[in-house]
Amino acid sequence: MAVDLIVPMKPPHAGKSRLRGVLGAPDRADCHAALVLALAEDTVAAALATPGVRRVVVVSGDPAALAVVRELGAELLAEDAPAGLNAALRAGERLVRADDPDAVVGALQADLPALRPAELAAATAEAGRRRAFAADRHGTGTTLLLSAPGEPLDPRFGPDSARDHARSGAVALGLTAPSLRADVDTPADLDHARLLGLGPRTTAILATTCALR
Ligand SMILES: Nc1nc2c(ncn2[C@@H]2O[C@H](COP(=O)(O)OP(=O)(O)OP(=O)(O)O)[C@@H](O)[C@H]2O)c(=O)[nH]1
Ligand SMILES: C=C(OP(=O)(O)O)C(=O)O
């Protein structure tokens, strides 16, 4: 069954605060924003390359970031005023359901730079027609939430979202899929994703533009 994915993305200079200073000198805000954008680009590129993924809609309030992911082939939904992650996801869900009320809608985090299309495809296959989620490698956060066909996504991202998605009735996916579970919030997460194999854009930022400190 085809899946329409919503990818929420804060303006790169504002997002991923726990990674601030990991690149360049501590005051290199441009390095930080470039890294956050590269994480999202690699995530979006992998999602677009995944069999069974029909649409990838990026929701953001940052026009420059949206222009970059449009080049990759993503659709865009501009966020007028920041209303939070779950509100951004619900806006994306309304957009895709207007075209196909029976769609399977998914929320995919924008910080999965090691994501492999085969692992994302395996996750959607395991979900089948059930509302389901993939917890992050720590077991506390959520990297992917899928709706049942035509049913509400009901996103509950935030602290301990894996617990909240399970309590709300979503099925916890059991597949290993390490690249799908490797979201990057901290320098340790970035090291972990490097071991799995980063996508080309994040690799380039680390290698050329802003060397690791
Ligand atoms: N469009 C949109 N995306 C959001 C919003 N809040 C968070 N996100 C995105 O949701 C995803 C998960 O959020 P977090 O992992 O907490 O990322 P973050 O807020 O950038 O990170 P920290 O500053 O370290 O907490 C990231 O891809 C964010 O860019 C929001 O208000 N709007
Ligand atoms: C908001 C979330 O992301 P993170 O844990 O990466 O901050 C979440 O997992 O629900």
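This tour of a predicted model moves from the ligand shell to a set of paired strands and then to the positions listed in a database record.

Begin by selecting ligand 1 together with the 18 residues that surround it, of which the closest are Pro 8, Gly 15, Ser 17, Ala 88 and Ala 110. Colouring by element shows that strand E1 (3–9), strand E2 (53–60) and helix H3 (85–99) each give two or more residues to this shell, while colouring by class separates 7 nonpolar, 5 polar and 6 charged residues.

Next, select strand E5, residues 132–135, where Ala 132 and Ala 134 are buried on one side and Phe 133 and Ala 135 are buried on the other. Then show strand E7 (residues 171–172), which is parallel to E5 and joined to E5 by 2 bridges; here Phe 133 stands opposite Ala 172.

Finally, select Thr 142, Gly 158 and Ser 161, which an unreviewed UniProt entry lists under "binding site"; they are spread over 20 residues of sequence, yet they cluster in space, with a largest C-alpha distance of 8.6 Å. Thr 142 belongs to strand E6 and counts as buried because 26 C-beta neighbours lie inside 10 Å. Ser 161, in helix H5 (residues 161–167), also counts as buried, with 22 such neighbours inside 10 Å. Beyond four places in sequence, Ser 161 is in contact with Gly 141, Thr 142 and Arg 156, whereas the contacts of Thr 142 include Phe 133, Asp 136 and His 165.

Conventions
Residues are numbered from 1 along each chain as its sequence is written. Chains are lettered from A and ligands numbered from 1 in the order in which they are written. This is a predicted model: local features need pLDDT of at least 70, side-chain atom pairs count only at pLDDT 80 or more; totals for chains, interfaces and linings use all residues. A residue is near a molecule or strand if its C-beta atom, placed from the backbone, lies within 6 Å of it. Helices (H or I, at least four residues) and strands (E, at least two) are DSSP runs, numbered from the N terminus. Ala, Val, Leu, Ile, Met, Phe, Trp, Tyr, Cys and Pro count as nonpolar, Asp, Glu, Lys and Arg as charged, and the others, Gly among them, as polar. A residue is buried if 20 or more other C-beta atoms lie within 10 Å of its own, exposed if 12 or fewer, and partly exposed in between; C-beta atoms are placed from the backbone. Two strands pair if DSSP finds at least two bridges between them. UniProt positions are given in the numbering used here, feature names are shortened, and annotations may be inferred rather than shown by experiment. Two residues are in contact if their C-beta atoms, placed from the backbone, lie within 7 Å.
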